[in-house]
Amino acid sequence: MPLRVTTRRLLVLAIGAFGYFTSTPAHSAPISDATKACIGCHEAVTPGIVADWKASRHARVTPAEALTKPRIERRISAALPPAGTAETAVGCAECHRLNAELHPDTFEHNGYRVHIVVSPEDCAACHPEEREQYANNLMANAHGNLQGNPLYRSLAESINGAWSFADGGLALAAPDPLTEADSCLSCHGTRVEVQGLKERSTALGRMTFPVLTGWPNQGVGRVNPDGSKGACSSCHARHQFSIEVARQPATCSQCHKGPDVPAAEVYAVSKHGNLYDSLRASWDFTAVPWVPGEHFTSPTCAGCHVSLLATANGEVVAERTHRMNDRLAWRLFGPVYAQPHPASADTTMLRNSAGLPLPVELTGEPVSSGLISAEEQGARDGRMKKVCSSCHSRQWTDGHFARLVKSIQTTNAGTLAATRLMLAAWDEGLARGLAANDSIFNEAVERTWVANWLFYANSSRFASAMGGADYGVFANGRYHQSANLLQLNDTLKLLRAARAKQPAREGTPLP
C-alpha cells in the first residue's frame, strides 16, 4: 500500500527513534536502516516488544561476531548468514522481511514488505541444523499427528465438543475452531492461514493487515503460512529468544503438565527439582556449552534432552539436539501402551494389525514396523546414561534405568487388564465402540478405561523416569491405576446385571 505519512505519524516516528537512540545500551550491535524504521514506530506502539528485543542477544551480537567463536561455543550453525546481514544486529527487519516471497502473509507496511509469522524456515537462515533437527521431531509434527489420526481426533472431539441435553439424553456437537485453538491445539499447534486483507484504524492512521485464522498460536507443531511446521517461540519466547528461558523447566511445563504428560509436576517433587529450586540463583543458564557441576548442579528438562553438555576441559558429553527424543529409547506417553519411539516423526503412518492408527496392538504388543529397533533403543539409552554419568556412578544409573523398564512393564500390564475388560464390554454390547461405528471415547465406561492409560499409567512411568517417587504411587500413579481397574470391573458387573434385569433389543447396546 502507498506510504502515507501524516504530521502525527512523523511525530510518533521521531519520538520513537529518539527513544531508541537514547535508551539503547552502548554494547548493542549496529542496526540496519530497515530495523531502525521498525523501531521508530514500534517503540511507541508496542514498547514491550522493542524492550524485549533490546535485551536479546540478537540485538547485541552480529552474525559475523557469532561466527568468530570456537565451534563448540557457537549459537549459530550456518556457515554464512544471509547476504547483507553479517555486520548488523538481527532485528525486526532481518526476521520479518526474510523470505517474503514464500510467505502468503507478506504485506506492504510503511514502504516495506513484511510478514507477521516468523517461521522455522526464517530462523534457518542462521540456525539450519536446529531447524533440520526440529523438523524431524515429534513436536514439529504435533498438529498433523493429532489432526491426521482419526482416533486421536475422536478423543479430542469428545473433550472439546459442546455437550447438551436433548431428547432425554446427552448430545455432542462438533467443537468450535476457537475452542480447539484454545485447547489441544494450543500446544499441538494450529494451522495458520491467510484469509485476505483488512483495513483498520491504528495509532498511526489507517493501515491494511492480513487476516489470519489459527492466530495467535505458538504451539510446537504450528503449521505456518509458508508451509513450515513448528514455532521456535514455543521454547525461545519472542522477542528475546533466550537460551536461558528455554533451559527453564517452566518453559517445558507450558505443555508437559497435567495427568497425561505430568513431567512438570514430577520434576517439581523430584530430587532434581528440589536442587533446581534451591540452587538455581547461582547457576549460569546462558553458557554454551553447558558444563555440569560448573554452570549448573542438577539437570533441567533441557539439560537431559536438548543442551550441548561438556566437561570443564571441553570434552563433549552430549551434542546439542532439537530432536527431543534423540536421548529417549521409550515413548512413555501411552497411546495405549508405552512402546519404543516411532522411527518417523509422522506417526499417522503407523497401523496395527487391526488397521487402527496406533503404534501398538490393543493387546499391548508394539506394531511390527515403524518403531525404532532394539539397537537404536540401546544407542539412545547410551546417550542419556552419558548425561546421567556427569553426576552419577554407573551402578546408580543402571539401577535407575532398570526401575524404569520394570515400571513400563507393570503399567503396561495394568493397562492390558483394563483393555481386556473394555474389549469385553464392546464384544458384549455393553458399550458401542468401533464395531458400532461409534467413538471409543464418548461413554463413561470408555472414559474410565482411557484414564487408566492416559493418566495413571503415564504418571507412574514419568515418576519412574524422573525420580518422582510418590507422584507415581498415591498422587496420581499406581494406587489410582489399580483403583481404576476395580472400578472398571465393577462397572461391567453393574452393566451386565442391568441387562439381565431389562434386556435390550437384540443387536442394540445397553444405553
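Me: Helices H18 and H19 are oblique to each other. At roughly what angle do the axes of H18 and H19 cross?
Reply: This is a predicted model, in which local features need pLDDT of at least 70, side-chain atom pairs count only at pLDDT 80 or more, and totals for chains, interfaces and linings use all residues. Residues are numbered from 1 along each chain as its sequence is written, and side-chain values use heavy atoms, without hydrogens or water. Angles count as roughly parallel under 35 degrees, roughly antiparallel over 145, roughly perpendicular from 65 to 115, and oblique otherwise. The axes (lines fitted to C-alpha atoms over the stretch in contact, with angles from 0 to 180 degrees between N-to-C directions) of H18, residues 374–388, and H19 come within 10 Å and cross at roughly 130°.

Me: Which residues of H19 make the contact with H18?
Reply: Helices (H or I, at least four residues) and strands (E, at least two) are DSSP runs, numbered from the N terminus. Contact means heavy atoms within 4.5 Å. From H18, the contact involves Asp381, Met384, Lys385 and Cys388.

Me: How many charged residues does the contact of H18 with H19 have?
Reply: Ala, Val, Leu, Ile, Met, Phe, Trp, Tyr, Cys and Pro count as nonpolar, Asp, Glu, Lys and Arg as charged, and the others, Gly among them, as polar. In the contact of H18 with H19, the nonpolar residues number 3 and the polar 1, while the charged residues number 3.

Me: How far apart are the axes of H2 and H3?
Reply: Helix H2 covers residues 33–45 and helix H3 covers residues 47–54. H2 and H3 are oblique to each other. They pack at an angle of about 130°, and the distance between their axes is 6 Å.

Me: Is H20 roughly parallel or roughly antiparallel to H21?
Reply: The axes of H20 (residues 444–466) and H21 (residues 478–501) come within 8 Å and cross at roughly 165°. That angle makes the arrangement of H20 and H21 roughly antiparallel.

Me: How many polar residues does the contact of H20 with H21 have?
Reply: H20 residues in this contact include Val445, Trp449 and Tyr456, and those of H21 include Arg478, Leu488 and Leu492. By class, the contact has 8 nonpolar residues and 1 charged residue, and its polar residues number 9.

Me: Is asparagine 137 buried or exposed?
Reply: Asparagine 137 lies in the loop between H8 (128–135) and H9 (142–147). Beyond four places in sequence, asparagine 137 touches His322, Arg323, Met324, Asn325 and Ala345. Buried means under 20% relative accessible area, exposed over 50%, and partly exposed in between (1.4 Å probe, protein chains only). Because its relative accessibility is 2%, asparagine 137 counts as buried.

Me: What is the relative accessibility of arginine 153?
Reply: Arginine 153 is in helix H10. Leaving out residues up to four places away in sequence, arginine 153 touches Leu146, Gln147, Pro175 and Glu180. Arginine 153 counts as buried, because its relative accessibility is 12%.

Me: What is the relative accessible area of glutamine 218?
Reply: Glutamine 218 is in the loop between strand S6 (205–213) and helix H13 (243–246). Apart from neighbours within four places in sequence, glutamine 218 is in contact with Ala231, Ser233, Ser234 and Arg238. Glutamine 218 is partly exposed, with a relative accessible area of 38%.

Me: How far apart in space are glycine 314 and glutamate 73, C-alpha to C-alpha?
Reply: Glycine 314 sits in the loop between strand S7 (309–310) and strand S8 (316–318). Glycine 314 is partly exposed, at a relative accessible area of 39%. Glycine 314 and glutamate 73 are 241 residues apart in sequence, and their C-alpha to C-alpha distance in space is 10.0 Å.
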